[in-house]
2 protein chains.
Amino acid sequence: MPAPADFLKFVDGNEEAFIQRLASAVEIPSISGDPVHREDVFRMASFLESQLQAYGVETKSVPLGSHELDGQKLQLPPAILGRIGNDKSKKTVLIYGHFDVQPAELSDGWTHPPFKLTRDESTGRLYGRGSSDDKGPILGWVNVLQAHHDLKIPLPVNLRFCFEGMEESGSEGLDEFILAEVKKGKDGWFDGVDCVCISDNYWLNTRTPCLTYGLRGLTYFKITVSGPGKDLHSGVFGRMVYEPMTDLIALMSKLVDSSGKILIPGVDEMVQEASEEERQIYEKLDYSIKDVEESAGGSIALSDDKATVLMGRMRSPSLSLHGIEGAFYGARQDRDPREGLREVQHPNVNPLVISYIESEFKKLGSKSKLVIEDLHGGKPWVEDYDHWSYAAAWRATEEIYKQTPDLTREGGSIPVTLTFAEALGVNVLLLPMGRGDDGAHSTNEKLDKSNYIEGTKLLGTYLYEVAEGTKGQ
Amino acid sequence: MPAPADFLKFVDGNEEAFIQRLASAVEIPSISGDPVHREDVFRMASFLESQLQAYGVETKSVPLGSHELDGQKLQLPPAILGRIGNDKSKKTVLIYGHFDVQPAELSDGWTHPPFKLTRDESTGRLYGRGSSDDKGPILGWVNVLQAHHDLKIPLPVNLRFCFEGMEESGSEGLDEFILAEVKKGKDGWFDGVDCVCISDNYWLNTRTPCLTYGLRGLTYFKITVSGPGKDLHSGVFGRMVYEPMTDLIALMSKLVDSSGKILIPGVDEMVQEASEEERQIYEKLDYSIKDVEESAGGSIALSDDKATVLMGRMRSPSLSLHGIEGAFYGARQDRDPREGLREVQHPNVNPLVISYIESEFKKLGSKSKLVIEDLHGGKPWVEDYDHWSYAAAWRATEEIYKQTPDLTREGGSIPVTLTFAEALGVNVLLLPMGRGDDGAHSTNEKLDKSNYIEGTKLLGTYLYEVAEGTKGQ
């Protein structure tokens, strides 16, 4: 069933308050990957917990232990759990989201201070780190809660929440917690969950809402090549000694070629060629080469063929060279490059990568030293979209956006997706709020105001459509 | 003739004051490559000028115009000229040195604050940025001036000084000034100069003083590969678009191999193979593989053969990959690698490098954009060491150190050397003060106290030995 008209009206009438809520959240620089900002992640957890409590949600802040970051031992941010409703006749939906963000500095090229929500009235854009990834979506749920609370309308389903503060840093501590909590059965917070809904990805383009049923996995390596005990003068030592930077560049050049082909034998081959039938799926998506180039900000698509480009993102592994440091003023002494490999279906890719790099390094015949670290990863995931939760999201999208959604798979990873799917044995839906050009992880991240407001309506409507679906189907 | 005993005694007796002088200079962070420190370079110029004036040297601070650095228009530091003595019966020696330094930050791995001279009493080392490169040597000359001033002994030669503050940043503005000043003939500050002496390099090892008669040139490129309008999420865009980092790594891997061989066709070939006779020169130098590995801080020599390793530094071109940036927290958005090529004798190497990189880039077939910038350079130089100035330095070394000096060529560049040689048409001598493990341009730069004190005696004694040589020979 569609959502009540009062709910939709409430959302429209409270646009300003909802944007203010997002502004308050963006102001907290909850960067999980930077020890300096760890307290801010805790602050953001408290902010979110109090918002949930204000609208009648019972909450629990779960300590997840400690870890080491940049040589410091730090407390992990807590997971914030919530529950509201315990009506056996209703379905129970578990909502996941994260309240931590990627780093951002004005000097990276932001046109506005990243931790102040800046409204562009002419375009309707709300700029700020975390606006789209993932504070906008989680506050969309809070908006839904507020509407029902203030209007005194009962929620159509029971809701459970699991919000974390380490998603941008490998979700440390969360998997173990979820598995332990699920084991508790009736005594656990996830008891009775019928499906999971996650809003932490994006539309394919800027026009068409989508439902997402697949994610690539991620495996993230750091390669360190070292040799001298200190930085050396290239005039004095050049051509006398093995130079780590030369070896490192040689190694990195053997991982992937310009066209995106992965040079590590066996990795590309893990994925079967697409059949003509599967190719048709990608042909049909509302997407163009112009879309990818507009969101990338350059005419740099790997092909002129739309299906090829989409399959590159949705069904092929990719290997990106993420960063490298060496011999710069202000840079660290060690060479410190990272390499991110997005895989599709083989969790056993890591030994392949490591042994290849080691063997290529041996071929160099250098006296430099090599260390390969496997930093963190996320498993790939594909869901069955022929399910009542997807059907509910499909109908909700048609009601709010008057459009048929795309059915997509994503190139990025949300590691917890598979954990929920496996641990709870229920369907997981990715229901994005933002657009393909939101710039998550990049400079000038934004969320369109219309996506925030209509997205809030979509989340609420989805719950009503879920309530109508056959339980346990 | 040897220096007067009183002079040598004065130097020993004023050790503390001389070290204090060096400490005052090290405290001024005169980093020429950093706009933030440009005022400090000016401060260092004034400090030096007042020191020269205090001991009777007539000085002139010469403005060298302005330049652009990191997008800012900045005044170049002045050249400090000095002259003392105008006795036609004496030889006239021109001393060159520089008062700017390389960048240094404690966080780079310094064990002491880089801009505070720190004495290690157990080893006799004086740690600090610029201690050896090049504040120690230029203050060595000031020490010599003070000794003669305080003792009221006339100097055995006429002295001219030319000190600059942009050596670590390509000596901008200096060449033009020197050429113009030389053109003035009798009205110029360099009129009547018989030879040039520069103390701005190092012994080959930690034991044996040396005289240096050759330098490699330098040509310094920056390669920028760009594509997207902003940093992109590798999950979302990986294998959809051409990635600048992949292209950049591919390009850089085609410049030099692990063994130091330059892969740009024609560059290595510009230098003839060494004859067996020339090889003997390197065999005889007081130098071992252990020396290079000790000063590099690792067992990383390119060969076990001493002559091969020494020729790599002294007579072969080298290509080092100096730095690279991309897609890091806090790093700039553009990819920003640098490549330094040390050449031996062909100033025409640049077009070769540029066209090779362009053609290799074309082969990649990428839609990324390539920009190659030729940042700055220095010409290679080889001097005739069968000259009275070298003979004077040889005798002075034997008198002070009781050792026969090595005759060396250096891998690094001091661009002004060739300018003086060509513009004045006189012999140029490199007479180093510091040791091979001083760590110029690196962390924990130091000057041994004994090198500073004995080096001051050496510089003074050299002047007496010059006075004895046949003028104009």
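This is a predicted model: local features need pLDDT of at least 70, side-chain atom pairs count only at pLDDT 80 or more; totals for chains, interfaces and linings use all residues.
Hi everyone! Let's begin with chain A.

Now let's bring in chain B. How many residues of chain B are in contact with chain A? There are 86, and they meet 87 residues of chain A. The size of an interface is often given as the accessible area lost when the parts come together. Here, about 7000 Å² is buried between chain B and chain A, and carbon and sulfur atoms give 55% of that area.

The rule finds four salt bridges across the interface of chain B and chain A. If you'd like one to find on screen, A:Lys367 forms a salt bridge with B:Asp304, with the closest N and O atoms 3.9 Å apart.

Last stop: two helices within chain B. Helix H2, residues 15-26, packs against helix H14, residues 449-468, at an angle of about 110°, and their axes are 11 Å apart. Because angles of 65 to 115 degrees count as roughly perpendicular, H2(B) is roughly perpendicular to H14(B). On the H2(B) side, the contact includes B:Phe18 and B:Leu22, while B:Tyr452 and B:Ile453 are among the residues from H14(B). What kinds of residues make up this contact? Five are nonpolar, one is polar and three are charged.

How values were computed
Residues are numbered from 1 along each chain as its sequence is written. Chains are lettered from A and ligands numbered from 1 in the order in which they are written. Side-chain values use heavy atoms; hydrogens and water are left out. Axes are lines fitted to C-alpha atoms, for helices over the stretch in contact, and angles run from 0 to 180 degrees between N-to-C directions. Helices (H or I, at least four residues) and strands (E, at least two) are DSSP runs, numbered from the N terminus. Angles under 35 degrees count as roughly parallel, over 145 as roughly antiparallel, 65 to 115 as roughly perpendicular and the rest as oblique. Contact means heavy atoms within 4.5 Å. Ala, Val, Leu, Ile, Met, Phe, Trp, Tyr, Cys and Pro count as nonpolar, Asp, Glu, Lys and Arg as charged, and the others, Gly among them, as polar. Buried area is the accessible area (1.4 Å probe) that two parts lose on being put together, summed over both. A salt bridge is a side-chain nitrogen of Lys or Arg within 4 Å of a carboxyl oxygen of Asp or Glu.
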